[in-house]
Amino acid sequence: MRMSPKPVQTFRDDFTYSNSPGAVARFPFPFPEDEYRYSVNIEPHVTPGPEGSVFEFLLDIDEHYLSEMAERATVLEENPKRCLAMPHMDLACWDMIERCMTSLAADYPEHFSLQVDGDQWTWENRLLNIKDSFTFGDSSTLPLPPMEYMGRQVQGDFALLDQRDGDLFLDAGIVTCPADWSLAFDAGMSFSEWHGPVPLAHEMGVFDRALKYLTAIPVGRPVRRLNWTLTVNARMDTSPETYPNWGTDRASVTADNVGEKVHLRVELQVLDRMPRSNALMFSIRTFLISFDDLVTNPDWARRMHRVLKTLPPELIEYKGLGRYHDLAVEWLSRFDPAN
Ligand code: HEM
């Protein structure tokens, strides 16, 4: 089922965000097994994927489009440094414009259209009432810098990785809904440097193998992986910069409100080689589901219980679950017949 954007809901203050039954049904539940361990969980992102699924197209647009774009605008207003592009990434930003506009217009013609006449382009986004004509490659002809212009019109955070010396460098990005990491802090870092805080995975060789895979991705053959954590309340912006706003949420979970407060947060990450700049475009599309909605699927409820119950202590700590992990496991146990 194609998802139509619904009116703006909030990811802060009164948290009016909710998933329709259709959005729950297509939620990318990330666990193939009852135990979760880090691995090189990368697979080809072959499109079109299953119809109506979050894997159907390169970029997924769903019922939360208007809400997420409004939230992004608010975050950028509060802190413009959530969008950052080093000067040598200009070509990569234009690559991103081309990739996003052509795929959005092809995959969602009811919402987006693109006319190309040589380097004269006209882009229309009917969801946000935007129509602009510009000269491709000339940033002075757009109302905003190219990555910010595009990033404000597509769900999910984006990073553009420069590839040099067999490594990747985080040299551009628009990041307004990170799972507790900071673009401003990580800017300019290499693949193993920005992954520095992640426990266990370095010793397991996960990052060495992942980097080899990523640096060999050719144009037109995107790959994807899923990552996950838990978030208290339907809060998109859990960045270190705003920690004072959300850090204490973790202490607000009680035995009575787990289902409503605790959300599984899943990132669909897609990596796509850019043709002109040889950069990698990394999109991080975040999906949130409350435990109340998650347990409407008995298979998900049972597996979520087992994954959390067997999660290594290092991951409980790294993912920031320590304050409410036991409460969540206890709450989920009623949905696991083996318990
Ligand atoms: C976590 C970025 C690709 C595996 C992270 C973090 C960042 C990040 C910023 C948070 C680190 C922190 O705590 O400060 C990126 C970028 C990628 C990328 C920009 C694009 C090249 C990958 C790939 C893998 C991977 C291909 C495959 C194994 C992980 C894992 C974590 C992580 C396992 C810990 C997540 C958790 O437990 O919540 N990544 N990453 N990353 N990344 Fe990546």
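In which strand does Gln269 lie? Gln269 belongs to strand 9.

## Basis of the model

This is a predicted model, in which local features need pLDDT of at least 70 and side-chain atom pairs count only at pLDDT 80 or more, while totals for chains, interfaces and linings use all residues. Residues are numbered from 1 along each chain as its sequence is written, and side-chain values use heavy atoms, with hydrogens and water left out.

Helices (H or I, at least four residues) and strands (E, at least two) are DSSP runs, numbered from the N terminus.

Gln269 counts as buried because its relative accessibility is 6%; buried means under 20% relative accessible area, exposed over 50%, and partly exposed in between (1.4 Å probe, protein chains only).

The side chain of Gln269 makes polar contacts with the side chain of Arg225 (2.7 Å) and with that of Glu267 (2.8 Å). A polar contact is a pair of N or O atoms within 3.5 Å; within protein, one must be able to donate a hydrogen and the other to accept it, and residues adjacent in sequence count only if both atoms are side-chain atoms. Leaving aside residues up to four places away in sequence, Gln269 touches Val223, Arg224, Arg225, Asn227, Phe282, Ser283 and Ile284, where contact means heavy atoms within 4.5 Å.

## The iron site

His195 is the only protein donor of the iron atom of the ligand, through NE2 at 2.1 Å. Donors are N, O and S atoms within 2.8 Å of the metal (3.2 Å for Na, K and Ca); water is not among the atoms, so sites may look incomplete. The loop that holds His195 runs between helix 6 (191-194) and helix 7 (206-215).

The largest pocket contains about 1,200 Å³ of space. Its lining has 50 residues, and the closest to its centre are Trp181, His195, Val198, Asn227 and Tyr318. Pockets and cavities are found on a 1 Å grid over the protein atoms alone: a cavity is a set of points where a 1.4 Å probe fits but cannot get out, a pocket is an open set with protein on both sides within 12 Å along at least five of seven lines, and lining residues have an atom within 4 Å of a point. Grid points are joined across faces, edges and corners, and a volume is the space filled by probe spheres set on the points.

Strand 8 gives the most to this lining of the largest pocket, with seven residues. By class, the lining of the largest pocket comprises 31 nonpolar, ten polar and nine charged residues; Ala, Val, Leu, Ile, Met, Phe, Trp, Tyr, Cys and Pro count as nonpolar, Asp, Glu, Lys and Arg as charged, and the others, Gly among them, as polar. The second largest pocket has a volume of about 350 Å³. It is lined by 19 residues, of which Pro30, Phe31, Pro32, Tyr36 and Asn41 are the closest to its centre.

## The cavities

Four cavities of 30 Å³ or more are present in the structure. The largest cavity has a volume of about 90 Å³. Among its 14 lining residues, the closest to its centre are Leu58, Leu59, Asp60, Ser283 and Arg285. Strand 10 gives the most to the lining of the largest cavity, with three residues.

## An exposed loop residue

Asp165 lies in the loop between strand 6 and strand 7 and is exposed, with a relative accessible area of 76%. The C-alpha atoms of Asp165 and Thr215, 50 residues apart along the chain, are separated by 10.0 Å.
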